[in-house]
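The exercises below concern pockets and helix packing in one protein model. Each task is followed by a worked solution.

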Amino acid sequence: SNKINIAIDGHSSTGKSTSARRLAHELGYLFVDTGAMYRAISYFALRENLITDQQLNTEKLIEELPGISINFQRNPETHINEVYLNGENVEKEIRTLEVSNVVSIIASVSEVRAKLVEQQQAMGKNKGLVMDGRDIGTVVFPDAELKVFMTAAADVRAQRRYDELKERGDDVDYQQVLENVLERDEIDSTREDSPLRQADDAMLLDTSTMNREQQFEQLMHWANQAI
Ligand code: C5P
C-alpha cells in the first residue's frame, strides 16, 4: 500500500504526542515530535545563559545555531524516539516547566524555525511519517495526505499537563501550568513566522471530552480513509 505523511498540529497539551505516537506505531510509520526539537534548542539556550528572565540574546543564539545538532534515537527498551542535543540525550531535561516557559520565545526566531523545518522536511521525503507540532500541515508538509488539528478546553489541557508533570515527580502548581499553557498558545498563535493555525484542509479534533482510546480511534479512522 502507499505510504503517506500525516501532520498533527494543535494547541499545547491536547494529547497530540500520545495519540500521534500510537498512530505511528500501529501504522509502522516513523513518529517525529517536533516540539522536542524546539525544546532541545531552548534547553541549550538556557544552559548557555542565552536566555534569562525570558530575555533572549537572539543574535548570539543565531550565531550558535550552526553548531547545534538535534537528532532522534530509538530507546530499545521503551521504543520511544528520544531527542539528542549534540550527541547528549536530553529527553528528560526538555520536559520541565523551565523549558516550557521559554520555548515559545525560542520558537518565534525565524532562523531557528528555518533550521528545524529543513531537517523535518528531509525526514518526511520518503513518506511513512506521523509528525506532530504547530506548523506541520501549514508549513512543513502543506501537501500531507492527512492533516489533523487538535484542540481542547484550556482547563482540560492544563489538568492533563499537570498530571503528567506530577507523575514525573515535578513539584508544580496547577495555576502555573494553566498560565504556561495559555501563554504558549498566545505566543504560538500570534507570532509572525508560521503562526499556529488550522490548515484549511485539516480535520478538527476537539479532545475535551475524549479519552486516549477515543482520540486514537478517531485518528486511526481518518488515517485508514487517507491511506
Ligand atoms: O509540542 P510541544 O508542546 O512540546 O511544543 C513546545 C513548543 O514548541 C510549542 O509551544 C511551540 O512554541 C514550539 N513548536 C513550534 N513548532 C512546532 C512544534 C513546536 O513552534 N512545529
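**Exercise 1.** State how the lining of the second largest pocket divides into nonpolar, polar and charged residues, and locate that lining in the chain.

Solution.
- Step 1. The lining of the second largest pocket holds five nonpolar, five polar and three charged residues. Nonpolar here covers Ala, Val, Leu, Ile, Met, Phe, Trp, Tyr, Cys and Pro; Asp, Glu, Lys and Arg count as charged; the others, Gly among them, count as polar.
- Step 2. Of its 13 lining residues, Arg21, His25, Phe31, Arg74 and His79 are the closest to the centre. A pocket is an open set of points on a 1 Å grid over the protein atoms alone, where a 1.4 Å probe fits, with protein on both sides within 12 Å along at least five of seven lines; lining residues have an atom within 4 Å of a point.
- Step 3. Two or more residues of this lining come from each of α1 and β2 (30-33), and α1 gives the most, with four. Helices (H or I, at least four residues) and strands (E, at least two) are DSSP runs, numbered from the N terminus.
- Step 4. The volume of the second largest pocket is about 230 Å³, taken as the space filled by probe spheres set on the points, which are joined across faces, edges and corners.

The model is predicted: local features need pLDDT of at least 70, side-chain atom pairs count only at pLDDT 80 or more, and totals for chains, interfaces and linings use all residues. Residues are numbered from 1 along each chain as its sequence is written, and side-chain values use heavy atoms, with hydrogens and water left out.

**Exercise 2.** Describe the lining of the largest pocket by class and by element.

Solution.
- Step 1. The largest pocket has a volume of about 1300 Å³.
- Step 2. Its lining numbers 41 residues, with Ser17, Asp33, Arg95, Arg161 and Glu164 nearest the centre.
- Step 3. The elements giving two or more residues to this lining include α1 (16-27), α4 (97-106), α7 (154-167) and α8 (174-190). The most come from α7, which gives six.
- Step 4. By class, the lining has 23 charged, 13 polar and five nonpolar residues.

**Exercise 3.** Which relative orientation does α7 have to α8, and which residues make the contact?

Solution.
- Step 1. The axes of α7 and α8 are 9 Å apart, at an angle of about 120°. Axes are lines fitted to C-alpha atoms, for helices over the stretch in contact, and angles run from 0 to 180 degrees between N-to-C directions.
- Step 2. This makes α7 oblique to α8. Angles under 35 degrees count as roughly parallel, over 145 as roughly antiparallel, 65 to 115 as roughly perpendicular and the rest as oblique.
- Step 3. The contact (heavy atoms within 4.5 Å) involves, among others, Ala158, Arg161 and Leu165 of α7 and Val177, Val181 and Arg184 of α8.
- Step 4. Nine nonpolar, one polar and five charged residues take part in the contact of α7 with α8.

**Exercise 4.** Work out how α4 lies relative to α8.

Solution.
- Step 1. The axes of α4 and α8 come within 8 Å and cross at roughly 20°.
- Step 2. The two helices α4 and α8 are therefore roughly parallel.
- Step 3. On the α4 side the meeting residues are Leu97, Ser100, Asn101, Val103 and Ser104; on the α8 side they are Gln176, Asn180, Arg184, Ile187 and Asp188.
- Step 4. This contact of α4 with α8 has three nonpolar, five polar and two charged residues.
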